[in-house]
Amino acid sequence: MDIRLNHLNKTIINCKKCPRLVNFVKKVSITKRKQNIDEEYWGKPVPGFGNLNSKLAIVGLAPAAHGGTRTGRAFTGDKSGDFLFKCLYKAGISNNAFSKNLNDNLRLKSTYITNFLKCVPPEDKPLSDELTNCSNYFDEEIFNLHQLKVIVTLGKVAFDNCIKIFKNKFNIKKKLNFKHGSIQYLSKNLIIVSSYHPSPRNVNTKLLSEKMMIGLLVKAKKLAKI
């Protein structure tokens, strides 16, 4: 990993800017989930992962309580991640159809995966100051990816918070609306593709299907030219 991202990730892991989130992550990691009771939880903010030269970035809102907060990797160890990685594999982006832990030899093709917020918030509802605190990390993370061409946002909240950052960065005046599968240009060289979140609720209600997700990822892969 590049020394800049390595330093940033260490800073993220040691962050204690938001007392409410620090306390909640600690509580989750101590109480644990029944099926993971014998595991040692990561129990810290969760940085992104992938290649520094990635042309594609996939962005969620926050790590899951018993997913990333347990495993130490975004979208790893929870049902949303299970669905996402099955689709990433079928789209030719991941070498595995699953993501279980930090030592599972997972590799991504020119892709970086992260969350806007690095800690799980209670009830998955972050406060505005928590989002503001984390936005600087996200900003630095994304703009260290110098080859980045396409960003896929998972869910409307992730999309809205990404847009806030990019509107200031690129002085965007037009309104950018969330719609699954939409392709919008943030600048001449950067595209944002919005997707429904791969949550069990969205999948079970058929709001998002495997076919839809794979199609969107293939589209994003072609736009990024990977």
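Helix α4 passes helix α8 in a right-handed crossing. A crossing is called right-handed if the near helix is turned clockwise from the far one by less than a right angle, and left-handed if anticlockwise. Helices here are DSSP runs of H or I with at least four residues, strands are runs of E with at least two, and both are numbered from the N terminus. The model is predicted, so local features need pLDDT of at least 70 and side-chain atom pairs count only at pLDDT 80 or more, while totals for chains, interfaces and linings use all residues. Residues are numbered from 1 along each chain as its sequence is written, and side-chain values use heavy atoms, with hydrogens and water left out.

Let us stay with this first pair. Helix α4 covers residues 79-90 and α8 covers residues 210-224. Their contact (heavy atoms within 4.5 Å) is made by Phe-83, Lys-86, Cys-87, Leu-88 and Lys-90 of α4 with Glu-210, Met-213, Ile-214 and Leu-217 of α8. Six of these residues are nonpolar, none is polar and three are charged. In this sorting, Ala, Val, Leu, Ile, Met, Phe, Trp, Tyr, Cys and Pro count as nonpolar, Asp, Glu, Lys and Arg as charged, and the others, Gly among them, as polar.

Axes are lines fitted to C-alpha atoms, for helices over the stretch in contact, and angles run from 0 to 180 degrees between N-to-C directions.

| Helix pair | Angle between axes | Axis distance |
|---|---|---|
| α4 and α8 | roughly 55° | within 9 Å |
| α1 and α5 | about 160° | 11 Å |
| α5 and α6 | roughly 65° | within 11 Å |

Angles under 35 degrees count as roughly parallel, over 145 as roughly antiparallel, 65 to 115 as roughly perpendicular and the rest as oblique. The pair α4 and α8 is therefore oblique, and α1 is roughly antiparallel to α5.

Helix α1 passes α5 in a left-handed crossing. On the α1 side, Leu-5, Leu-8, Thr-11 and Ile-12 meet Tyr-137, Glu-140 and Glu-141 of α5. This contact has four nonpolar, one polar and two charged residues.

Helix α5 also meets α6, this time in a right-handed crossing. Among the residues in contact are Phe-138 and Ile-142 of α5, and Ile-165 and Phe-166 of α6. By class, the contact holds eight nonpolar, two polar and two charged residues.

Now look inside. A nonpolar core is a set of buried Ala, Val, Leu, Ile, Met, Phe, Trp, Tyr and Cys residues joined through side-chain atoms within 4.5 Å. The largest one has 38 residues, of which Phe-138, Ile-142, Leu-145, Ile-151, Phe-166 and Leu-186 touch the most other members. Elements giving two or more residues to this core include α1 (3-13), α5 (128-143) and α6 (156-170). A second, separate core of 27 residues includes Phe-85, Val-150, Val-152 and Ala-224.

Which residues does Phe-166 contact, leaving aside its neighbours within four places in sequence? They are Phe-138, Ile-142, Phe-143, Ile-151, Asn-171, Ile-172, Leu-186 and Leu-190.

Finally, visit the loops. Asn-105, in the loop between α4 and β3, has a positive phi of about 65° although it is not a glycine. Lys-206, in the loop between α7 and α8, also has a positive phi, near 70°. Are these two buried or exposed? Asn-105 counts as exposed at 58% relative accessibility, and Lys-206 counts as exposed at 67%. The cut-offs are under 20% relative accessible area for buried, over 50% for exposed and partly exposed in between, with a 1.4 Å probe and protein chains only.
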